[in-house]
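Welcome, and thanks for taking a look at this one with me. Please have the structure open as you read my points.

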Amino acid sequence: MHVFIVDLPNRPGSLAEVAEALGAGGVNITATAGIAAGPVGSLAFTADDEDGARAALDSRPWSYREAPMVVAALEHRPGTLADAARRIAGAGVNLESMFVIGMDGEKVHIGFGVNDPAAARAALGDLSFG
């Protein structure tokens, strides 16, 4: 699984344009997060059809990149994200994105877009799944 990270201008309609292009291509967004800082923003998302997402993004003048995603199941309590992030950092793995992708009972599923998925999985140990 990959996370797509799209760089967009920070202006009204940017998110709508990406969502429309994906929807027109029959691509369903399965998880997403976004943020803007100054004149630019980034949208990170996963999709049920990665080839379709690439085709939709390639059809427009957007700059985007992909990162392999590693999923961790964290206890829903303070400090667990800090522990997971420190494990990943300690392995020298760079985070490209991070967002909640679901919950299962008292576990929060966090998707980490990383530059080295094998090292991230090893660092997360028993927290990693999928």
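The notes below go through a strand pairing and then some salt bridges.

1. A word before we start: the model is a predicted one.

2. Let's begin with the hairpin. Strand S2 (residues 29-37) and strand S3 (residues 40-47) run antiparallel and are joined by eight bridges.

3. Next come the salt bridges, nine by count. Asp51 is exposed, at 59% relative accessibility, while Arg54 is partly exposed at 21%.

4. Arg54 also meets Glu66 in a salt bridge, at 2.7 Å from N to O. Because Glu66 lies in strand S4 (residues 63-75) and Arg54 in helix H2, this pair ties together parts that are 12 residues apart in sequence. Glu66 is partly exposed, with a relative accessibility of 30%. Together with Glu50 and Asp51, Arg54 and Glu66 are linked in a network of salt bridges.

5. Finally, please visit helix H3 (residues 80-90), where Arg87 and Asp83 lie four residues apart, about one turn of the helix. Their side chains form a salt bridge at 3.2 Å, N to O. Both partners are partly exposed: Arg87 has a relative accessible area of 28% and Asp83 one of 35%.

How values were computed: Residues are numbered from 1 along each chain as its sequence is written. This is a predicted model: local features need pLDDT of at least 70, side-chain atom pairs count only at pLDDT 80 or more; totals for chains, interfaces and linings use all residues. Side-chain values use heavy atoms; hydrogens and water are left out. Two strands pair if DSSP finds at least two bridges between them. Helices (H or I, at least four residues) and strands (E, at least two) are DSSP runs, numbered from the N terminus. A salt bridge is a side-chain nitrogen of Lys or Arg within 4 Å of a carboxyl oxygen of Asp or Glu. Buried means under 20% relative accessible area, exposed over 50%, partly exposed in between (1.4 Å probe, protein chains only).
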